[in-house]
Amino acid sequence: MGRRNEECLNSDTGRRLDGRRANQLRNVSAKTGILSQADGSAYIEIGNTKVLAAVYGPRECRLRSQAVHDRAIINVEFTQATFSQTVRRQARKFDRKNMEIALQIRDTFEAVVQTSTYARSQIDIYLTIMQSDGGQVQACINAATLALINAGVAMRDYVVATTVGVLHDTPVLDLNWEEESAHKASAITLATLPRSGNVVLMQMEQRLHMDKLEAAMRLAQDGCEQMHALLDEVVRKELRSLAHKVGEREAIVRGA
């Protein structure tokens with residue numbers, strides 16, 4: 001394991017295999033409103049991990065028995081395209097791992113979406129991994145945040161997420177698949193609310209020594225701040241584009 005860690009992080013230069021420093025995110029690009037039939041949608045690329053998110057609702061519950069009189073319910077469906085991973089596996093409708101991820105994401109957004117605004121309704125979030133290269137959960141959370149904003153769903157704040165791990169005794173931000181495989185035991189996924197700094201999700205599948213946890217958490221929180229700045233710029237860019245289109249239409253109407 002130690003040998004694989006050294007291969008992923010050069011102790012002399014402090015650079016990783018992809019050229020990033022320990023505190024650097026992968027390249028992030030995102031766009032909202034790409035699915036016309038959904039109430040809100042987003043596509044995000046974090047390095048080579050690519051996620052498509054679609055939001056339907058708030059809308060009437062399909063089953064009246066599921067309706068809650070004072071709030072909306074949130075449903076999350078997480079799937080992976082058969083071509084998304086280097087090692088392909090047979091797709092199963094009720095994949096246990098996928099269901100666990102969906103529940104984690106649902107619980108994360110139930111703490112942030114103002115569900116009391118949408119009594120007796122449901123909000124459906126569909127997340128599809130188009131290509132996987134590490135950090136699936138963080139990519140899905142960030143994509144879902146953009147899609148919910150695009151749908152106009154009321155939320156207390158953005159939800160932003162990133163991963164952190166320890167390679168060669170050094171905390172590193174935003175692990176790719178090779179880094180996760182080299183040291184999966186230390187991988188942490190953290191989701192926070194930027195304005196308050198509150199943590200809404202902390203996922204760690206294996207143990208991490210307490211001596212390394214504090215530094216790893218600081219780096220993860222810094223990564224969430226970086227991610228928030230990137231997502232906020234995507235939202236503001238889309239709003240500027242929308243305002244420009246509305247202005248053009250109003251000018252056309254006035255000139256008619």
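This is a predicted model: local features need pLDDT of at least 70, side-chain atom pairs count only at pLDDT 80 or more; totals for chains, interfaces and linings use all residues.
Student: What makes up the secondary structure of the chain?

Tutor: The chain has 5 helices and 9 strands. Along the sequence they follow the pattern α-β-β-β-β-α-β-α-β-β-α-β-β-α.

Student: Why are H3 and H5 called roughly parallel to each other?

Tutor: The axes of helix H3 (residues 136-151) and helix H5 (residues 210-255) cross at roughly 30°. Angles under 35 degrees count as roughly parallel, and therefore H3 and H5 are described that way. Their axes come within 11 Å, and the crossing is right-handed.

Student: Which residues of H3 and H5 meet?

Tutor: From H3 there are Gln138, Asn142, Leu146 and Ile149, and from H5 there are Met227, Leu231, Val234 and Val235. The residues of this contact divide into 6 nonpolar, 2 polar and no charged.

Student: What makes a set of residues a nonpolar core?

Tutor: The residues must be buried, come from a list of types such as Val, Leu, Ile and Phe, and be joined through side-chain atoms within 4.5 Å. The largest such core has 57 residues. Phe109, Ile123, Leu127, Ile141 and Leu148 have the most contacts inside that core. A second, separate core has 5 residues, among them Ala22 and Leu167.

Student: Which residues does isoleucine 123 contact, leaving aside neighbours within four places in sequence?

Tutor: Its contacts include Val55, Tyr56, Ile73, Val113, Leu148 and Val153.

Student: How many of the residues of the chain count as buried?

Tutor: Of the 256 residues, 43% do. The cut-off for buried is under 20% relative accessible area.

Terms used: Residues are numbered from 1 along each chain as its sequence is written. Side-chain values use heavy atoms; hydrogens and water are left out. Buried means under 20% relative accessible area, exposed over 50%, partly exposed in between (1.4 Å probe, protein chains only). Contact means heavy atoms within 4.5 Å. Axes are lines fitted to C-alpha atoms, for helices over the stretch in contact, and angles run from 0 to 180 degrees between N-to-C directions. Helices (H or I, at least four residues) and strands (E, at least two) are DSSP runs, numbered from the N terminus. Angles under 35 degrees count as roughly parallel, over 145 as roughly antiparallel, 65 to 115 as roughly perpendicular and the rest as oblique. A crossing is left-handed if the near helix is turned anticlockwise from the far one by less than a right angle, and right-handed if clockwise. Ala, Val, Leu, Ile, Met, Phe, Trp, Tyr, Cys and Pro count as nonpolar, Asp, Glu, Lys and Arg as charged, and the others, Gly among them, as polar.
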